[in-house]
Structure formats: structure tokens, C-alpha cells
Amino acid sequence: MRQLIELPWDPLTPSEVAELFCGTSWWIAGGHAIELAAGRPLRPHSDIDVALLRRDQLAAQRALTGWEWWAADPPGELRPWRPGEILPALVQDVWCRPVGSDRWRVQVMLDESDGDEWIFRRDPRVRRPVATLTHVTPSGIPHLAPEIQLLHKAAAPRAKDEADFAAVLPLLSAGQRRWLAEAITLTADAHPWLDRLHGNDIS
């Protein structure tokens, strides 16, 4: 179903996501999470990522009734996600659109966990309590803690990731900077963000 990947996006806003997923354990991820942490618009967004724990994946189906759900099977094929189906570990993303729509509206991302611990999908040595994953905006929208979102972006930073890092770095507490620096050090031999996180280069 590769042709489905070429469909255009018309992403929901974070507020619209909050209405759909009300009552479900979820959070905004991706660039929108950085923007929510910054508390101001930063750049245009071509899509919107909504994350939840893999163990809660069927909650996405319950929230998105009247929608089509397409699982992203590696190495880049989309196939229908059947109602009640438990997706295998290799499937990390689900693309969603209302029935009859020709545009994608939401991408659901599945995060790993072990009991009360969240596990970083790229390196299981990086963990933290599930209860510390998210922050909540004054309007009640949960979003991934910025230091965790920046860890995802640190693997291969693009121009927009560099911009997101620069925008939110001044807002990070000493503890958030320390956690991100330690996680990046654990998962990469060297990284250009480390000096700035340690305060050696604040440009």
C-alpha cells in the first residue's frame, strides 16, 4: 500500500487531538511537543504525532471510532490495522484518517515500557518513570517532556531539529539538561549538543 504514503496531510491541531483522545493515556510528541513546551508557535508542522504506551495501543482504536488505521510495517509499507489486533514490536507507527477521507490527520506512535518504566526505543538502557514522561499545558494538553523529545531528535538532527533545540534549550532546568546530556552520552560517542547542554557554548 505504498501509494497511501503519498496521500497529503491535513493534521489535527493539538486541541482537536485532546478532544478525540479525552479519557485515554496519551501525549503530543514530535515538533508540536517542543512548541507546547516553549509556549509559542515556532514553525509550520506538516503532521502531528500522538504517542501512547504500546500496552495501551487499543485505546487508540477506541478513541478513533469511525476512522481508518494503517500500521506502518517495516520497511515502509502501510497495511490495515485490524480491530483488536495487537501490533508486533516492529510496528511503531500507525497512520490514521477518518473513513472516506483522502488525507492523513494523525500519526500514532507506540512507546515501549516495562511496568512503571518508559523505555527509549533506540536504546533500552535509557529509562525513566512513566509518571515523568509528560508535561501538561495550562489548557490541559499533555505533551512529551522536552528533554525526552530532544533525545529523539538528537539521533540525526535536521535543520528543524536544530531550531527546536535552540528554541527550548534556554527553558530547560539544570536537571533536564543533565538528564538529556547523560542520555545522549550513553547513546552516542559524541554529539554537538553536549557542549551547549553543559553550558560550555550557549550560542
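The legends below describe close-up views of a predicted model. Local features are given where pLDDT is at least 70 and side-chain atom pairs where pLDDT is 80 or more, while totals for chains, interfaces and linings use all residues. Residues are numbered from 1 along each chain as its sequence is written, and side-chain values use heavy atoms, without hydrogens or water.

**View 1. Strands β3 and β4 form a hairpin.** Strand β3 covers residues 67-73 and strand β4 residues 77-80; strands (E, at least two residues) and helices (H or I, at least four) are DSSP runs numbered from the N terminus. The two strands pair in the antiparallel sense over four bridges, where pairing requires at least two DSSP bridges between the strands. D73 has E77 of β4 as its bridge partner. Three residues lie between the strands, and G76 takes a positive phi near 130°.

**View 2. Strand β6 pairs with β2, β5 and β7.** With β2 the pairing is parallel, over five bridges, and L53 stands opposite D111 in β6. Strand β5 (residues 93-98) runs antiparallel to β6 and is joined to it by four bridges; here D93 stands opposite M109. Strand β7 (residues 117-119) pairs with β6 in the antiparallel sense over three bridges. D114 is bridged to E117 in β7. The hairpin of β6 and β7 has two residues between the strands, and G115 in the turn has a positive phi of about 65°.

**View 3. Helix α3 packs against helix α5.** The axes of α3 (residues 31-38) and α5 (residues 146-154) come within 9 Å and cross at roughly 145°. Axes are lines fitted to C-alpha atoms over the stretch in contact, with angles from 0 to 180 degrees between N-to-C directions. The crossing is left-handed, that is, the near helix is turned anticlockwise from the far one by less than a right angle. G31, A33, I34 and A37 of α3 meet P146, Q149, L150 and K153 of α5, with contact meaning heavy atoms within 4.5 Å. These residues comprise five nonpolar, two polar and one charged (nonpolar: Ala, Val, Leu, Ile, Met, Phe, Trp, Tyr, Cys and Pro; charged: Asp, Glu, Lys and Arg; polar: the others, Gly among them).

**View 4. The largest pocket is lined by 28 residues.** A pocket is an open set of points on a 1 Å grid over the protein atoms alone, for a 1.4 Å probe, with protein on both sides within 12 Å along at least five of seven lines; lining residues have an atom within 4 Å of a point. G30, D49, M109, Q149 and R158 lie nearest the centre. The lining divides into eight nonpolar, nine polar and eleven charged residues.
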